[in-house]
Amino acid sequence: MELDKKEALLEKYFEGETTLAEENELKIYFSSAAVASHLKQYQSLFKYYASEKNQNFKVELDGLKVKKRPIVWISIAASVLVLLGLGFYTFNSATNDKTNQGLGTYDNPEEAFKETQKALAMLSNHVNVGIESIQYVENYENTRDQIFIME
Amino acid sequence: MNQNEFVHLVAPFKDKIFRVAKRLLISTEEAEDATQEVLVKLWNKNERLDSYNSVEAFAMTITKNYCFDQLKSKRAGNLKIVHTNFTNREPSLHQQVEDSDSLNWVAKIINNLPEQQRLIIQMRDIEQYEFAEIAKILEMNETAIRVALSRARKTIREFMIKTHSYGIG
């Protein structure tokens, strides 16, 4: 290629007007052995650009992969577990109340009759005890009758 | 998307992320950390990745933002042993020997450019992105990028000519 064209291209390059293709042309030119002596000063620049492109990221990617994800899942799983446990507990205790406390029901009618009688007898006993202690109140009525002569 | 698919997806541009990060942060270790960080961020966006029409451009934008954040927080701290400053003030013998290598000189010149220009040079001259892509990644318009690129290239030229004619290198 003619030197004029290279110089023009170089000028364009420094103005920031070159396209990628033109810049590549320059890179190829400067990497060749046939660089004009007055342009040699730029050779290391383009050589540097080419050499820099060979730097690689060598650190292994594995290991940093599974960072954030599991934390989210663990928290979701934990809250689901807590909710499940809570639900299970409340459900169970509710049903237990019904079955365990019981209402003292009997399947056999005779047995039920006996038990009812027993319970009623016990109740009347207690009521009688209460009545006995109130018996003396009648005395008041008697004395009142004596004092106030009823018409 | 599972792990394998993700690794496959990032394979073509993970080196670019690394190089861009290195251009901005200078140190290889920091660039590696940054790359990991960017890839983790990408991985966490996993489900939504398909909605981006260019995952690569998106990744580069994350990289750019992450590196600028890093630089900002470093500057906020009082400790100023940033690699460029450090090596510039007290070049060790080892550094001086290295500097005689012309490619290292170029590296040094580029790394002394302002961050924005450094980034644009990296993306255009090394990674060879189209102006439209760079504009999208940097969230700037194309003209501004061309202007910054031209300025950066001319600065480099100026230093190269100096180096060449006085043989500082």
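Is the crossing of H1(A) and H2(A) left-handed or right-handed? The legends below get to that. This is a predicted model, where local features need pLDDT of at least 70, side-chain atom pairs count only at pLDDT 80 or more, and totals for chains, interfaces and linings use all residues. Residues are numbered from 1 along each chain as its sequence is written, with chains lettered from A and ligands numbered from 1 in the order in which they are written.

**View 1. Here H1(A) crosses H2(A), and the crossing is left-handed.** That word applies if the near helix is turned anticlockwise from the far one by less than a right angle; clockwise would be right-handed. Helices here are DSSP runs (H or I, at least four residues), numbered from the N terminus. Look for A:Leu9 and A:Tyr13 of H1(A), and A:Leu26 and A:Tyr29 of H2(A), among the residues making the contact. Being in contact takes C-beta atoms, placed from the backbone, within 7 Å.

**View 2. This one shows where chain A meets chain B, with 24 residues from chain A and 32 residues from chain B.** On the chain A side, H3(A) brings the largest share, seven residues.

**View 3. Zoom in on A:Leu45 and you'll find B:Val106, B:Ile156 and B:Met160 in contact with it, leaving aside its neighbours within four places in sequence.** A:Leu45 is also among the residues with the most contacts inside the largest nonpolar core, alongside B:Ala21 and B:Ile120. Such a core is a set of buried Ala, Val, Leu, Ile, Met, Phe, Trp, Tyr and Cys residues joined through C-beta atoms within 7 Å; buried means 20 or more other C-beta atoms within 10 Å of a residue's own.

Conventions
A residue is buried if 20 or more other C-beta atoms lie within 10 Å of its own, exposed if 12 or fewer, and partly exposed in between; C-beta atoms are placed from the backbone. Two residues are in contact if their C-beta atoms, placed from the backbone, lie within 7 Å. Helices (H or I, at least four residues) and strands (E, at least two) are DSSP runs, numbered from the N terminus.
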